[in-house]
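Dear colleague,

Please find below the structure that I am handing over to you, together with its sequence. My findings follow directly after it.

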Amino acid sequence: MAIAVKSLDRMFNPRTVAVVGDSKARDFMFLKALKDFQGKLYSIQVNADSIKEIEALGITNYRSLLEVPEPLDYVLLSVPRRVAPQIVADCIKKGVGGVALFTSGFAETDTTEGKQAQEELTRMAKQANLNLVGPNCMGIYNPRIGLRFNIEQYIGTDGRVGVVSQSGNHLSDLSVLGVSQGVKLSKGVSFGNAIVLDSPDYLDYFAYDPSVEIIVLYVEGVKDGRRFFKILREVAARKPVLIWKGGQTEDSARAIFSHTANLAESMIIWEAMIKQVGAVRVNNMEETIDTLKAFIYMKRPRGNRMGLIAVSGGQSVVMADAFARAGLQVGRLSAASYVELSTFVPDVGGSFKNPLDVNWHVSWQIDLASYERILNVLDGDSNVDCIAAEVNMDIFVRRARSDATFQEKMLATLGRFRERSSKPFLVIINPGSYETMVPEMRLQLVAQGLAVYSSFTTAASSVKRLVDYWQRREAEDR
């Protein structure tokens, strides 16, 4: 790991933070978000009206960054563009660990003034060897220590995912939406125009961060393609990397320049590169979160053969179609499995094929011990590499009416199986008549360590990405 990358650790794990220019007009967005920061938090503000309210928040304010009586590890700038060079100069004098510029209005405006201002900041930062994040970005997120830029982002516990995002909104959404799906971040950075630090720097840093097991990269463009490819290939050999390329069409390519002043490259080139380095391509927020669930909660697959459990004949057809269309195999079970199943599963209205149609009649009457035996049969089947089960909310609710402990016992059954099985296991919630109960059920399933999906199609696509990733890794290792 390069010395320059090692220096990033100071700003990703700061003990002291200063916010410059947060104001009443913005409702002290950053200062309020950082109220629970575990280190020392300072404000830099010269407006008298804002200072009064900042101090009412219990935050010490200074009129100059240079007045802060101790070293600063991380500084977040929320000042007008014309003021930014002066504050950056103070950061250099102060010897801060890193600076993030929320400030926008630079090259992304495609104006002479904006370009010149960006060139000035770039020159200042590079001459001083200053770690500058942005401009036109939201900065760093580290939930473990309460470092965030959006008060809606969770803090206090961290996850296993590192996010490198050119978009601040995407990083914010991933941290907020992901947690309800069981996806938590370890660290994240929004890097905007990337005039000094660019995506390869953050990728390299996360490659050596032991708290990061999986990396997500949202990128709109790169400045040094050769360096980007080299580092991405090295990082992808160490950890799974999910790549979401923004600007896949001509229309979105125009939007890219006005967002972060990047030019969009051909998706043909990106697709070839992603395949060559062994990364995983995702195309939107939903695919990113769904794929992360596969890597976080599913075990390493040995192949692409699925063992499926549905709750009706119609659902079994739809389920088989979804997984087969994704490129996964849905074949017959072994002869030994069919013999075992015939000893305890009634054949009236049910099917011993694959998917296993545990139909309405059977689902209503079957005891949990028998359901667990079905899971165990699939676990021991030599023709099955991955297992997926449908969870039907209608059945859950109706069974719970006659047995108040049913839901708890069923959740425990699924969780125990996921823990002891050597195969990837996931569940798909069918809401039935109880759509409003799905979020709570999802959280309870996630608490059991389960990958939970909202449709057969999203589940199948996620499993396919997981299988393809590990098959490529195995091929490379041979």
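In this predicted model, helix α8, which spans residues 199-207, is largely enclosed by the rest of the structure, because nine of its nine residues are buried. The buried residues are Ser199, Pro200, Asp201, Tyr202, Leu203, Asp204, Tyr205, Phe206 and Ala207. Tyr202, Tyr205 and Phe206 also belong to a cluster, in which ring pairs link them with Phe12 and Phe191.

Turning to aromatic pairs, a search of the whole structure finds 14 of them. One of these joins Tyr141 and Tyr154: the ring centres are 6.0 Å apart and the planes stand at 85°, so the pair is edge-to-face, an angle over 60 degrees being the criterion. Tyr141 and Tyr154 are both buried.

A further edge-to-face pair is formed by Tyr218 and Trp244, with 4.9 Å from centre to centre and 75° between the planes. Here too distant parts of the chain are linked: Tyr218 belongs to strand β10 (residues 214-219) and Trp244 to strand β11 (residues 241-245), 26 residues apart. Tyr218 and Trp244 are each buried.

Charged side chains also lie over aromatic rings. Arg238 is placed over the face of Tyr208, 4.4 Å from the ring centre. Lys293 lies over the face of Tyr453, and in that case the distance to the ring centre is 4.6 Å.

Tyr453 leads on to a sheet, since the strand β17 (451-453) is one of its edge strands. The sheet is open and has five strands in the order β14-β13-β15-β16-β17, with parallel pairing. The other edge strand is β14 (356-357), and each of the two edge strands pairs on one side only. Strand β16 (residues 425-430) pairs with β17 in the parallel sense over three bridges. Within this pairing, Ile428 has Tyr453 in β17 as its bridge partner.

Finally, helix α19 (residues 438-447) lies across β16 and β17. The direction of helix α19 is at about 170° to that of β16.

Yours sincerely

Technical notes: Residues are numbered from 1 along each chain as its sequence is written. This is a predicted model: local features need pLDDT of at least 70, side-chain atom pairs count only at pLDDT 80 or more; totals for chains, interfaces and linings use all residues. Side-chain values use heavy atoms; hydrogens and water are left out. Buried means under 20% relative accessible area, exposed over 50%, partly exposed in between (1.4 Å probe, protein chains only). Helices (H or I, at least four residues) and strands (E, at least two) are DSSP runs, numbered from the N terminus. Rings of Phe, Tyr and Trp (its six-membered ring) pair if their centres lie within 6.5 Å; planes under 30 degrees apart count as stacked, over 60 as edge-to-face and the rest as tilted. A charge sits over a ring if NZ of Lys or CZ of Arg is within 6 Å of the ring centre and within 35 degrees of the ring normal. Two strands pair if DSSP finds at least two bridges between them. Contact means heavy atoms within 4.5 Å. Axes are lines fitted to C-alpha atoms, for helices over the stretch in contact, and angles run from 0 to 180 degrees between N-to-C directions.
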